[in-house]
Amino acid sequence: MKTVLSIQSHVAYGYVGNRAAVFPLQRLGIDAVAVNTVQFSNHTGYGAWTGQVFTAEHIAEIVDGIAAREVLPRCDAVLSGYMGDVGLGRVIVDTAARVKAANPQAIYCCDPVMGDVGRGFFVRPGLPDFIKTHAVPAADLLTPNQFELEFLADRPIATLDDALAATAALRARGPRLVLVTSLTRRDAAADRIEMLVDDADGAWLVETPRLALEPPPNGSGDAVAALFLAHYLKGFDPREALEQAAAAIYAIFDVTGRMGTRELQLIAAQDAFVNPPQRFTATRVR
């Protein structure tokens with residue numbers, strides 16, 4: 001059984017961060033060791049919440065406790081999401097290095113959670129530059145959304161060629177693979193949304209229908225990163241892992257829309273995202 005150390009935010013109500021990542025990992029047969037960087041009542045998209053961001057020292061202590069149980073050598077991957085602040089980011093990047101030192105076959109999958117189209121940045125000052133300078137070079141897999149891709153690659157994304165140039169620029173800085181978890185471009189159908197995966201062996205694009213979810217549920221990028229990583233660890237090649245992740249998140253969106261809620265319906269959709277009723281074929285674009 002594969003094991004993932006997932007270091008992300010946590011909410012009591014709803015599904016973002018570890019709440020959006022841990023259950024999909026487990027449902028797909030991956031053991032998840034969860035370290036929560038924050039504990040909030042609900043995600044910040046509601047505009048009001050309670051709770052706190054944990055200190056870097058607190059997270060470091062938790063990781064040390066896990067290490068004392070000799071868990072790090074058994075981890076096949078570290079998955080990070082919302083970091084909170086720069087100090088916490090340093091602990092996360094250091095933890096990924098510790099895991100890879102304990103298990104040279106382990107990989108670091110960094111979901112560079114910083115912001116989104118329409119919302120802009122929603123993290124503390126200094127964190128975007130830390131992610132660009134330190135987390136990106138340390139990552140093996142990088143899973144930005146389109147807004148994050150534009151910032152990290154220092155270029156706007158309007159076309160497929162723009163997106164491929166951006167993913168290539170990021171791969172040149174360290175990651176072996178870049179997964180763009182949501183892509184909306186000028187040269188594509190408006191009623192479709194895409195995901196793009198790019199590694200040294202090629203690039204693949206998959207599209208799914210754009211469902212009318214209002215407001216759009218938070219946490220979809222967190223879920224997609226976990227779904228893709230789970231299939232990647234299970235031995236799927238990047239194209240297959242992309243197709244599996246696209247089918248799964250579409251099934252989750254479909255159930256969420258039919259239930260009329262803004263929270264991802266991971267529990268209600270669990271059978272559908274493990275055995276999706278609808279599949280989507282990825283097209284090679286490089």
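1. Helices (H or I, at least four residues) and strands (E, at least two) are DSSP runs, numbered from the N terminus. The model is predicted: local features need pLDDT of at least 70, side-chain atom pairs count only at pLDDT 80 or more, and totals for chains, interfaces and linings use all residues. Residues are numbered from 1 along each chain as its sequence is written, and side-chain values use heavy atoms, with hydrogens and water left out.

2. Start with the annotated positions. UniProt, in an unreviewed entry, gives "binding site" for S9 and D222. The two are spread over 214 residues of sequence, yet they cluster in space, with a largest C-alpha distance of 10.0 Å. UniProt positions are in the numbering used here, feature names are shortened, and annotations may be inferred rather than shown by experiment.

3. S9 belongs to strand β1 (residues 3-11). Its relative accessible area is 10%, so S9 is buried. Buried means under 20% relative accessible area, exposed over 50%, and partly exposed in between (1.4 Å probe, protein chains only). Beyond its neighbours within four places in sequence, S9 is in contact with V16, G17, N18, R19, N36, T37, V38 and Y82. Contact means heavy atoms within 4.5 Å.

4. D222 lies in helix α7 (residues 220-233). D222 counts as buried because its relative accessibility is 12%. Leaving aside neighbours within four places in sequence, its contacts are Q8, V16, G17, A20, A21, D111 and V113. The D222 side chain also reaches the backbone nitrogen of G17 at 2.8 Å. For polar contacts the rule is a pair of N or O atoms within 3.5 Å; within protein, one must be able to donate a hydrogen and the other to accept it, and residues adjacent in sequence count only if both atoms are side-chain atoms.

5. The unreviewed UniProt entry also lists D111 and E148 under "binding site". They are spread over 38 residues of sequence but cluster in space, with a largest C-alpha distance of 9.6 Å. D111 sits in the loop between β5 (107-110) and β6 (115-116). D111 is buried, at a relative accessible area of 5%. With neighbours up to four places away set aside, D111 is in contact with S80, G81, T143, E148, G221, D222 and A225.

6. E148 is found in helix α5 (residues 146-153). E148 has a relative accessible area of 3% and is therefore buried. Outside four places in sequence, E148 is in contact with D111, P112, V113, M114, G115 and T143.

7. In α5, 7 of the 8 residues are buried, so the helix is largely enclosed by the rest of the structure. Those buried residues are Q146, F147, E148, L149, F151, L152 and A153. Their cover includes β6, β7 (120-121), α4, β8 (141-142), α6 (160-171) and β9 (177-183). N145 caps the N-terminal end: a side-chain oxygen lies 3.1 Å from the backbone nitrogen of F147. After α5 comes D154, whose phi is positive, near 60°.

8. S80 counts as buried, at 0% relative accessibility. A polar contact of 2.7 Å joins its side chain to that of Y108. Not counting residues up to four places away, S80 touches I7, Q8, I92, Y108, C109, C110 and D111.

9. Next, a helix pair. Helix α3 (residues 86-102) packs against helix α4 (residues 127-138) at an angle of about 5°, with axes 10 Å apart. That makes α3 roughly parallel to α4. Axes are lines fitted to C-alpha atoms, for helices over the stretch in contact, and angles run from 0 to 180 degrees between N-to-C directions. Angles under 35 degrees count as roughly parallel, over 145 as roughly antiparallel, 65 to 115 as roughly perpendicular and the rest as oblique. From α3, V86, G89, R90, V93 and K100 meet L127, F130, H134, A135 and A138 of α4.

10. Last, L264 lies in the loop between α8 (238-259) and α9 (270-274). The C-alpha atoms of L264 and P216 are 9.5 Å apart, although 48 residues separate them along the chain. Residues up to four places away aside, L264 touches Y15, P217, N218, G219, S220, A223, I252, F253 and T256.
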